[in-house]
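Reader: I've got a new model open on my screen and I'd like to learn how to read it. Can you walk me through it?

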Amino acid sequence: MTSTPPTASKSGGSRPVAFLAVTCVAGLAIWWGLRVAEQRALEEALLPYAETALPAPGAPVDAALADVGARVFEARCTGCHAVRGQPKLGPNLAGITLARDLPWIRSMVTNPDSMTRADPIARALLQAYGVPMQVVGGMDGSAARAVIEFLRRADGGV
Ligand code: HEC
């Protein structure tokens, strides 16, 4: 039987690695905690708007709702859309509330799957962009309503 010689201690070299790992895990935990907190705060901010209907054409922008919509846009849309500037995976959305009916936008936001299957405009967009629009976790009516108010404000409040 041969016994393996004891290996030299490397604890001096592994300490910075352990420190780095702990820092990474702590950073991730803080990032995740902040994300969950913002998600909860956003859900709470949306609660009063659960029954809010789409506005009549020309109705003044509800600034508080548009502010909540800006947070929804930041959390759920900016991965693929900018309002203006360099287009991302999806089209820029400046002027969208002038180009399309609000019910159409709401359907696109809450049901992109069936829109890109059945609606001719959405189908053409899918062909042009080659990426199916997908909002992780889906969008309920109040989140869609808020983001539409944000887009209306960006378009000058139509
Ligand atoms: C995964 C990427 C992705 C995310 C996230 C996403 N979209 Fe899209 N969106 C697209 C793509 C790509 C298109 C073009 C149609 C297609 O290819 O399915 C599109 C199309 C649209 C359109 C139609 C644009 C036009 O010119 O008529 C609207 C409106 C829209 N998205 C709004 C939103 C909003 C609001 C959000 C956030 C709630 C969102 N999208 C999240 C990728 C995305």
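Reader: Let's go to the ligand, then. How many residues surround the ligand, and which are the closest?

Author: First, a caution: this is a predicted model, where local features need pLDDT of at least 70, side-chain atom pairs count only at pLDDT 80 or more, and totals for chains, interfaces and linings use all residues. Residues are numbered from 1 along each chain as its sequence is written. A residue is near a molecule if its C-beta atom, placed from the backbone, lies within 6 Å of it. Here 26 residues surround the ligand, and the closest are Cys 77, Cys 80, Gly 90, Leu 125 and Met 133. H4, H5 and H6 are the elements that give two or more residues to that shell. Helices are DSSP runs of H or I with at least four residues, strands are E runs of at least two, and both are numbered from the N terminus.

Reader: What does the shell around the ligand have, by class?

Author: Ala, Val, Leu, Ile, Met, Phe, Trp, Tyr, Cys and Pro count as nonpolar, Asp, Glu, Lys and Arg as charged, and the others, Gly among them, as polar. By that scheme, the shell has 19 nonpolar, five polar and two charged residues.

Reader: Which residues of helix H4 are buried?

Author: Buried takes 20 or more other C-beta atoms within 10 Å of a residue's own, exposed takes 12 or fewer, and partly exposed is in between, with C-beta atoms placed from the backbone. In H4 (residues 102-110), the buried ones are Leu 102, Ile 105, Met 108 and Val 109. Looking down the axis of H4, they fall within an arc of 120 degrees, so they line one face of the helix. The arc is that of the directions from the helix axis to the C-beta atoms.

Reader: And what covers the buried residues of H4?

Author: Contact between two residues requires C-beta atoms, placed from the backbone, within 7 Å. The cover includes helix H3 (96-99), helix H5 (112-118), helix H6 (120-129) and helix H7 (141-154).

Reader: Where is Arg 153?

Author: Arg 153 is in helix H7. It counts as partly exposed because it has 19 C-beta neighbours inside 10 Å. Leaving out residues up to four places away in sequence, Arg 153 touches Val 61 and Ala 66.

Reader: Last one: how many helices and strands does the protein chain have?

Author: Seven helices and zero strands. As for burial, 21% of the chain's 158 residues are buried.
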